[in-house]
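Visitor: I would like a close look at a single part of this model. Please take me through it slowly.

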Amino acid sequence: MKVLSKLKRFKKKSIYTNSWYWYCYRKKKVVENRILFESFHGSNISDSPLAMLEKLAESGEAEKYEIFYSSNEKSIEEHQKLIDAKHLPVKLVTIESFQYAEVLATAHYLINNSSFPAYFIKKKEQKYLQTWHGTPLKTLGKQMRLGIESMHNVQH
């Protein structure tokens, strides 16, 4: 693939993934039966997104969808064991991978309990369900690496 080979010249993985996301965003259509679940930026498979996935699987409707759950690289084996133990019909996708960027740009349903990467922009055809519960304003920005000035992605 010509575009892929051109992207390989970038040295930083985040720039590489970001560029692939923008290519997919512009060139690829939203896939009607595709769902992306994400919990805590891929560090965990839990919380409301997992509960929603389990209910979908119990209902028997999961077979109608291509379901992805994001995972970070260091947790992918542990996450796969959890998925297998619960018999969930889901494919794990590693955050900052080409596949993750493509799924993020093309999934019809996006379910997250935190936020997607700063480069993410929802297409009008996508449905984005944010399950962040509680009152985030009381601690918003306090646990972020750069403090309150890095809060722009959450506001985005």
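How many bridges join strand β1 to strand β2, and do the two run parallel or antiparallel?

Guide: This is a predicted model. In it, strand β1, residues 31-38, is joined to strand β2, residues 66-71, by four bridges, and the two strands run parallel. One example is F37, whose bridge partner in β2 is Y69. In general, strands of a sheet pair through backbone hydrogen bonds, either parallel or antiparallel.

The two strands belong to an open sheet of five, with parallel pairing and the order β3-β2-β1-β4-β5. The edges are held by β3 (91-94) and β5 (127-130); each has a single partner strand, so one side of each has no neighbour in the sheet. On average, neighbouring strands of this sheet are turned by 25 degrees against each other, direction ignored.

Next come the helices. Helix α5, residues 98-106, lies across β1, β2, β3 and β4 (107-112), and runs at about 120 degrees to β1. Helix α3 covers residues 47-59. Its buried residues are P49, L50, L53 and L56. Seen down the axis of α3, these buried residues fall within an arc of 120 degrees, so they line one face of the helix. They pack against β1, β2, α4 and β4. The face of α3 turned away from its buried side carries K55 and E58, which are exposed. Just after α3, G60 takes a positive phi of about 85 degrees.

Last, the loop between β2 and α4 (76-86) contains S75. S75 has a relative accessible area of 9% and is buried. The side chains of S75 and N72 are joined by a polar contact of 2.8 Å.

How values were computed. Residues numbered from 1 in each chain as written. Predicted model: local features only at pLDDT ≥ 70, side-chain atom pairs only at ≥ 80, totals over all residues. Heavy atoms only, no water. Pairing = 2+ DSSP bridges. Axes fitted to C-alpha atoms, helices over the stretch in contact; angles between N-to-C directions. Contact = heavy atoms within 4.5 Å. Buried < 20%, exposed > 50% of the residue type's maximum accessible area, 1.4 Å probe, protein only. Polar contact = N/O pair within 3.5 Å; in protein donor to acceptor, adjacent residues only side chain to side chain. Expected span 1.5 Å × (residues − 1). Arc of directions from axis to C-beta.
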